[in-house]
Amino acid sequence: MTTNNSLHDAFRAARDEGRAALIPYVTAGYPSLSRLPGLVAALTEAGADVIEIGIPFSDPLADGPVLQRAATEALANGTRVAQILEMVRDLTPKAPPMVFLTYINPVFRYGIERFSQDAYDAGMAGLIIPDLPWAEGQDFRLAAEASGLALIPLVAPTSTDSHLHSIRTAKGFVYGVSVTGVTGMRAAVDSGVRTLVERVRRVVPLPVAVGFGIANAQQAHEVARYADGVIVGSALVRTIMEDPSHAEERAYAFVKELKSGVNQLGSKA
Amino acid sequence: MLTTRVPDRYGRFGPFGGRYIPETLMPAVEELTQAYHQVRRDPEFQRELNALLKDYVGRPTPLRRADRMSQALGFDVFLKREDLNHTGAHKINNTIGQVLLARRMGKTRIIAETGAGQHGVATATAAALFGLKAEIYMGAEDVKRQALNVYRMKLLGAEVHPVESGTQTLKDATNEAIRDWVTNVRTTFYVIGSVVGPHPYPMMVRDFQSVIGREARSQILKLTGELPTHIVACVGGGSNSMGIFYPFREDPVALVGVEAAGEGLETGRHAASIQVAERGILHGSLSYLLQDEDGQIKPAHSISAGLDYPGVGPEHAYLHYTGRATYVAVTDRQALAAFHQLSQWEGIIPALESAHAVAWVIEAADQLRRDRARVVINLSGRGDKDVDQVFHMEQGGAQ
Ligand SMILES: Cc1ncc(COP(=O)(O)O)c(C=O)c1O
């Protein structure tokens with residue numbers, strides 16, 4: 001159960017510093033799997049508090065164009081689930097807590113018990129599955145938690161109170177989806193996010209991290225004022241896409257900038 | 001015969017089915033489930049639906065003995081003529097029902113995915129009938145293959161969005177429709193075209209398509225005084241087959257679903273997910289799925305765009321699993337031969353999808369003759385949409 005605590009500790013450490021946790025996302029296998037160690041090192045050095053590693057899926061129906069493209073290219077260059085599990089084993093000791101983000105079918109196919117065990121053994125702390133709703137996912141949750149892996153619940157602007165109540169006993173953190181929609185950069189942060197975070201806070205005793213659509217340091221700053229964590233995926237991957245040969249430098253610079261966004265909070269509410 | 005009612009209230013057909021969708025959509029499918037349960041019992045809704053099926057769609061569709069085919073094969077073959085529906089296929093039975101429901105629910109915007117374009121046309125038609133706006137997602141590859149259907153949808157006032165991602169076919173169009181749905185969930189009704197997707201869709205589409213089997217059952221009893229021995233239908237997502245199977249499920253009748261073996265099962269280039277029978281989760285439900293060892297979805301292949309889908313409805317997986325239905329597959333070549341054969345035997349040009357069902361009956365003729373079979377084939381659609389494709393294929397040799 002130590003890994004679950006690692007997520008808890010990461011959020012607490014950020015909170016103690018009066019800021020939100022910064023959670024960057026990269027797709028394993030983009031631009032190639034051999035670049036993952038360098039990318040994780042860059043994110044770590046730039047101040048990531050938690051890192052999300054995407055396992056690419058052929059049909060990523062919760063993703064916008066940028067992450068679709070990253071997944072398509074990762075699969076086209078031969079990225080395999082077993083290779084990713086093998087590779088993160090060497091990365092987790094030197095990185096902040098890491099969680100996987102993938103779709104239900106690769107996990108189902110691998111076998112949820114075996115997947116959870118292998119991910120836990122590789123030092124991973126949690127698992128996010130955007131096409132597995134909480135009500136459907138109870139068997140997966142039990143299997144994940146039996147291995148010590150947190151299955152991260154998601155909440156959306158459309159979520160009912162009864163859903164919020166059902167995730168009270170979840171582990172790790174709550175993933176707040178900022179918009180009705182798919183991943184991708186948005187011009188502005190939806191004004192409803194704050195309400196969503198507050199609704200979750202009232203019932204769930206876990207940190208709330210907000211993702212989907214956060215495009216830059218300014219928006220990260222805005223979200224960090226009321227959320228416990230800020231998740232940035234598409235904007236980071238797009239930055240890498242602009243110059244894949246310098247993926248690590250680009251990722252470092254961008255995450256550093258985001259970090260300054262979540263740091264300058266003045267006083268935290 | 002022992003039967004339990006499926007699906008249960010979680011939308012499960014034994015181990016299959018369920019709801020595997022983003023959390024954002026859960027309240028919407030819950031709302032849809034409630035609304036559907038209401039209209040199912042609402043005589044006013046049923047009256048309106050039945051009136052439209054009769055006077056707009058043209059139901060009941062005939063069921064008639066195919067005399068020359070029966071003579072040639074040496075046993076009785078009957079055709080259930082879904083090709084005679086308005087818009088040329090069974091798809092409209094479902095779209096009228098769903099669009100009627102959308103209107104009840106106060107949804108103003110209709111979206112749909114389409115492969116061959118038949119479901120897109122049927123959705124655009126139902127939307128036009130009620131003055132609603134329809135937006136149709138279609139793989140860029142299919143937009144090319146089925147240009148005429150694209151134009152038909154536009155004529156009907158729908159907007160067609162070509163989908164450039166992935167394999168640019170039906171599965172990618174479905175991904176894109178789900179992305180739209182997740183984004184516009186508050187105003188938008190997603191009209192799914194087959195017995196696939198998250199609960200309640202597989203059940204709801206089955207119910208709307210069951211009119212085929214209800215009619216066929218009373219027609220064949222009236223015509224011959226007895227039940228058929230076999231019901232044969234092609235299986236893409238599985239809606240025309242489920243529609244005709246369902247009312248016969250407790251009868252001593254063999255239910256035969258015909259999948260697309262494409263270039264041959266051994267080549268890997270096919271769409272026969274039940275022949276492979278590997279469980280997987282895609283587009284909202286757990287069923288059989290064409291996939292690799294990592295659970296990545298494999299592209300399907302079929303001469304017929306309407307069967308070109310790597311999954312199948314969860315209730316078919318269940319019927320295979322329990323053994324209540326039998327699933328077989330025929331190749332592109334066999335389907336094409338049947339396309340010609342039925343045209344010449346009966347003066348009916350079948351859709352390439354439906355030609356798969358005809359082809360299996362021809363392939364299995366020796367056994368069926370020995371069994372003195374009385375076979376009902378569900379002729380799910382007409383072949384007009386395919387004439388151009390077949391013409392070019394046969395002119396040009398390759399395609
Ligand atoms: C004429 C016809 N038959 C069959 C199908 C396959 O769908 P299903 O298996 O849902 O009946 C299609 C799909 O486009 C079709 O157009």
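Me: How far apart do the centres of the positive and negative side chains of chain B lie?
Reply: The model is predicted. Chain B carries 43 positive side chains and 45 negative ones. The centres of these two sets are separated by 6 Å.

Me: What radius of gyration does chain B have, and what does the globule rule give for 399 residues?
Reply: The secondary structure of chain B consists of 17 helices and 14 strands. The globule rule gives 21 Å for 399 residues, and the value for chain B is close to that, so the chain is as compact as a globular protein of that length. Along the principal axes, its C-alpha atoms fill a box of roughly 55 × 50 × 45 Å. The radius of gyration of chain B is 19 Å.

Me: What share of the 399 residues in chain B is buried?
Reply: A residue counts as buried when its relative accessible area is under 20%. Chain B still exposes about 14,600 Å², with carbon and sulfur atoms supplying 50% of that area. Of the 399 residues, the buried share is 65%.

Me: Is B:Ser304 buried or exposed?
Reply: B:Ser304 sits in the loop between β12 (284–288) and α13 (314–322) of chain B. Its relative accessible area is 1%, and the cut-off for a buried residue is under 20%. B:Ser304 is therefore buried.

Me: Which residues is B:Ser304 in contact with, leaving aside its neighbours within four places in sequence?
Reply: Contact here requires heavy atoms within 4.5 Å. In chain B, 74% of the contacts with a separation of 6 or more are between residues 24 or more positions apart. For B:Ser304, the residues in contact are B:Leu352, B:Glu353 and B:His356.

Definitions and conventions. Residues are numbered from 1 along each chain as its sequence is written. Chains are lettered from A and ligands numbered from 1 in the order in which they are written. This is a predicted model: local features need pLDDT of at least 70, side-chain atom pairs count only at pLDDT 80 or more; totals for chains, interfaces and linings use all residues. Side-chain values use heavy atoms; hydrogens and water are left out. Helices (H or I, at least four residues) and strands (E, at least two) are DSSP runs, numbered from the N terminus. The radius of gyration is taken over C-alpha atoms; the globule rule is 2.2 Å times the number of residues to the power 0.38. Buried means under 20% relative accessible area, exposed over 50%, partly exposed in between (1.4 Å probe, protein chains only). Accessible areas come from the Shrake-Rupley method with a 1.4 Å probe; for residues, only the protein chains shown count as cover. Lys and Arg count as positive and Asp and Glu as negative; His and the chain ends are not counted. The place of a charge is taken as NZ of Lys, CZ of Arg, CG of Asp or CD of Glu.
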